[in-house]
Amino acid sequence: MTTASASAGAVVERSGTATAYPRYLAGKLGGAAVSLFAVLVTSFFLFRIIPGDPVKAMTQGVPTSAEQLATLRRQFGLDLPLWQQFTDYCAKALTGDLGMSYQFRAPVGELVAQKLPATLLLTGVAVVIYSALGLWLGTRSAWRHGGLGDRLNTGIALTLWSVPSFWLGLLLIIVFSVGIGPVPGMFPTGGMESGDETGLAYVIDVAHHMVLPVLTLVAVGYAQTLLVMRASLLDEMGGDYLTTARAKGLRDDLVRRRHAVPNALLPTITMIFINLGHVAAGSILVETVFSWPGLGGLFYQALSVPDLPLVQGLFVVFAGAMILMNLLADLLYPLLDPRVGR
Amino acid sequence: MNLLDIRNLSVTYGTDTAAVRGVDLTVEAGRKLGIAGESGCGKSTLALALLRLLPASARLSGQILLDGEDVLTMKWGRLRAVRWAGASIVFQGAMHSLNAVHRIGDQIAEPLLVHRQATPPAARRRVGELLEHVGLPTARADAYPHELSGGQRQRVMIAMALACDPRLIVADEPTTALDVMIQAQILRLIEQLVSEQNIALVMISHDLAVLADTCDRLAVMYAGRIVEEGPARAVYDAAQHPYGRALSAAFPRIGDPASRRAPRGLPGDPPDPAALPSGCTFHPRCPVALEVCASEDPPLAEAAPGHRSACVLTTGSRP
Ligand SMILES: Nc1ncnc2c1ncn2[C@@H]1O[C@H](COP(=O)(O)OP(=O)(O)OP(=O)(O)O)[C@@H](O)[C@H]1O
Ligand code: SF4
Ligand SMILES: [Mg+2]
């Protein structure tokens, strides 16, 4: 940020040129491409140095002859030199071919495509809800900082943040699915659908299945947004421009909404997009506890074999989602902050 | 009746930082009052108190009569109505006083929408007019603060202050952050606009020469008090109070930034408002202090016609 004294001498205006945004855009796209390449390199070599013969792992418990092993090796390209495996791998990955899962004998891409919607739905809804909740509570907390409401607010959020998500999930299942004392079992214990509904009834059924897992994710997740928003709004609250806004005769809530919050949002928005980047990876623990048919569960299954191409493919998908969301945040940022990229 | 009548105003931050102590000042409609003093003497505190803009930790006492109405006891709704429409402020350092994420046109229009219930097109026309008044092209309304130079931003602040035709404008060091040439331009602009529109002006600066040039009357502030007050030329050319003399000697030329913190020929630092010296708060630095000065705190009293000073040497209370 330029200080008033540093910029004071300038008489000429330093407005951005018309080419500034395209250049900014190109820079960010280039950065994303480099990151993606780094992910491919990492995933390839990381999984090559993990000890254990993948073909042996695949055929565990099944009596296999040496010829059969060699055939399998050839089939999966494991007999080629390392550099050739790598170039093949990159070329295929860029066309969306992430290899074959040993375990399911199906293309990794297909498996991901099958499970992705359930995960996007669950974690997407949860992230949107906890981001909104965190922003709202964080704003309230900061605006009346030090007060009872603030202390209560941050105290509860921090407590929930430190609760393990699987434990909270199980607790919610016991109380609201199984039922305890006067509380009847109101929600299904797991899964995404009952299986026999169509149309609107299906939508309601899925929503019904989502309540508890979403509640779990929101409860353990909103504290982070709250704390970041609170801190960044507290930073803004000493700002001279807020004194100007008050001096203009604005109501307190307008000073907050129109002036303080848009500035405080800037650091928070990056974090929200990082959380959205996590959406693809879902939450392994919560998906497992609620038997949610998503990528988190798939990842768990892949790890327990281990199903090398599937683990590797999911790693690339998860990292790719992070890169994509970061890129979106970078592209959105100039729209929120006129000082960037113009 | 005076447009602004400050009576025995005191401001204390927390429990012991007495930033403003018993200030009495008046400004007639359409006239210009300058307030000078070293850094930390309470100038900004005084300015912010005029519209009750101080942080919650500040406790205020006394009266601030704006057009006969006490700002300190106003209800919130009335206070909001008086803010900007009755009196507006040009703040120190326009970079931080403007909101970085809003276009300057929208920021200038905001008080019009709040106080005048102006329609957006009417507000936009008025913004164009105001920008022209302060010498900026109408098209700059779409610019963001960071796209303007320091001088242009200060012009925007002035346009904003004029938006609702207030009867009083308070300018708190409006040119401190600017280079000397731009400073002179901005000062001339403020002076010309308030004179044309018959707006009263309270101009705050650490620079006595600037104020003497711009204002009708001058007040010199030291450690939260007014120690000298009178016609601008008289205070600058023939200061009565030893501190006033030191200050006018320190600014032989407009806008000398070197003399900001330590006026020439005046050793020592301004006192800490949480631990003020006894008697006349100036006595540890006063070149002509007497023995009584350590125990006696002289009141502000007439030293020449229409010219007040708070010094045992000028009030005739010399023992
Ligand atoms: N919010 C605050 N809380 C506590 N003390 C404060 C606060 N604001 C100002 N002060 C103290 O009050 C005194 C007067 O400050 P003020 O900003 O009014 O001085 P000033 O004359 O405007 O100085 P400058 O020329 O540097 O702008 C200073 O000692 C300052 O440290
Ligand atoms: S009262 Fe004494 S110390 Fe104070 S200004 Fe006058 S001579 Fe100096
Ligand atoms: Mg100040």
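Student: How do H6(A) and H13(A) lie to each other?
Tutor: H6(A) and H13(A) are oblique to each other. Bear in mind that this is a predicted model. The angle between helix H6 (residues 108-143) and helix H13 (residues 295-304) of chain A is about 135°. Their axes are 8 Å apart.

Student: Which residues in H6(A) and H13(A) meet?
Tutor: From H6(A), the residues are A:Leu111, A:Val112, A:Lys115, A:Leu116 and A:Thr119. From H13(A), they are A:Leu295, A:Gly296 and A:Leu298. By class, that contact has five nonpolar, two polar and one charged residues.

Student: Step back. How many helices and strands are there in chain A?
Tutor: Chain A has 14 helices and two strands. Its C-alpha trace spans about 85 × 65 × 40 Å along the principal axes. Chain A has 342 residues, and 42% of them count as buried.

Student: What about contacts between residues 24 or more positions apart in chain A?
Tutor: They make up 74% of the chain A contacts with a separation of 6 or more.

Student: Where is confidence lowest and where is it highest in chain A?
Tutor: The mean pLDDT is lowest in helix H1 (residues 4-7) of chain A, at 37. It is highest in helix H10 (residues 240-247) of chain A, at 95. Residues 1-17 of chain A have pLDDT below 50. Beyond near neighbours in sequence, that stretch has 35 contacts in the model. Where pLDDT is low, the predicted coordinates should not be read in detail.

Student: And chain A overall, what is the mean pLDDT?
Tutor: The mean is 84, and 90% of the residues in chain A reach 70 or more.

Student: Back to H10(A). Why is it largely enclosed by the rest of the structure?
Tutor: Six of its eight residues are buried, so H10(A) is largely enclosed. The buried ones are A:Tyr241, A:Leu242, A:Thr243, A:Thr244, A:Ala245 and A:Ala247.

Student: What sits on either side of H10(A)?
Tutor: The loop between H9 and H10 of chain A holds A:Gly239. A:Gly239 is buried, at 17% relative accessible area. Its C-alpha is 8.5 Å from that of A:Ala260, 21 residues apart along the chain. H10(A) is followed by A:Gly249, with a positive phi near 90°.

Student: Now A:Thr216. Buried or exposed?
Tutor: A:Thr216 is buried, with a relative accessible area of 0%. It belongs to helix H9 (residues 199-237) of chain A. Its contacts include A:Ser165, A:Leu168, A:Val286 and A:Phe290.

Student: Over to chain B. Where does B:Ala87 lie?
Tutor: B:Ala87 is in strand E6 (residues 87-90) of chain B. It is buried, at 3% relative accessibility. B:Ala87 is in contact with residues including B:Leu51, B:Leu66 and B:Pro166. B:Ala161 is 74 residues away in sequence, yet its C-alpha is 8.4 Å from that of B:Ala87.

Student: What is the phi of B:Asp67?
Tutor: Positive, about 55°, although B:Asp67 is not a glycine. It sits in the loop between strand E4 (58-66) and strand E5 (69-70) of chain B. B:Asp67 is partly exposed, at 37% relative accessibility.

Student: And B:Ala223, what is its phi?
Tutor: B:Ala223 has a positive phi of about 50° and is not a glycine either. Its loop joins strand E9 (217-222) and strand E10 (225-231) of chain B. B:Ala223 is buried, at 10% relative accessible area.

Student: Last topic. Which residues come nearest to ligand 2?
Tutor: Of the 13 residues around ligand 2, the nearest are B:Cys280, B:Cys286, B:Cys293, B:Cys311 and B:Val312. The shell has 11 nonpolar residues, two polar and no charged.

Terms used: Residues are numbered from 1 along each chain as its sequence is written. Chains are lettered from A and ligands numbered from 1 in the order in which they are written. This is a predicted model: local features need pLDDT of at least 70, side-chain atom pairs count only at pLDDT 80 or more; totals for chains, interfaces and linings use all residues. Side-chain values use heavy atoms; hydrogens and water are left out. pLDDT is the predictor's confidence in each residue, from 0 to 100. Helices (H or I, at least four residues) and strands (E, at least two) are DSSP runs, numbered from the N terminus. Contact means heavy atoms within 4.5 Å. Buried means under 20% relative accessible area, exposed over 50%, partly exposed in between (1.4 Å probe, protein chains only). Axes are lines fitted to C-alpha atoms, for helices over the stretch in contact, and angles run from 0 to 180 degrees between N-to-C directions. Angles under 35 degrees count as roughly parallel, over 145 as roughly antiparallel, 65 to 115 as roughly perpendicular and the rest as oblique. Ala, Val, Leu, Ile, Met, Phe, Trp, Tyr, Cys and Pro count as nonpolar, Asp, Glu, Lys and Arg as charged, and the others, Gly among them, as polar. A residue is near a molecule or strand if one of its heavy atoms lies within 4 Å of it. Lists of a residue's contacts leave out its neighbours within four places in sequence.
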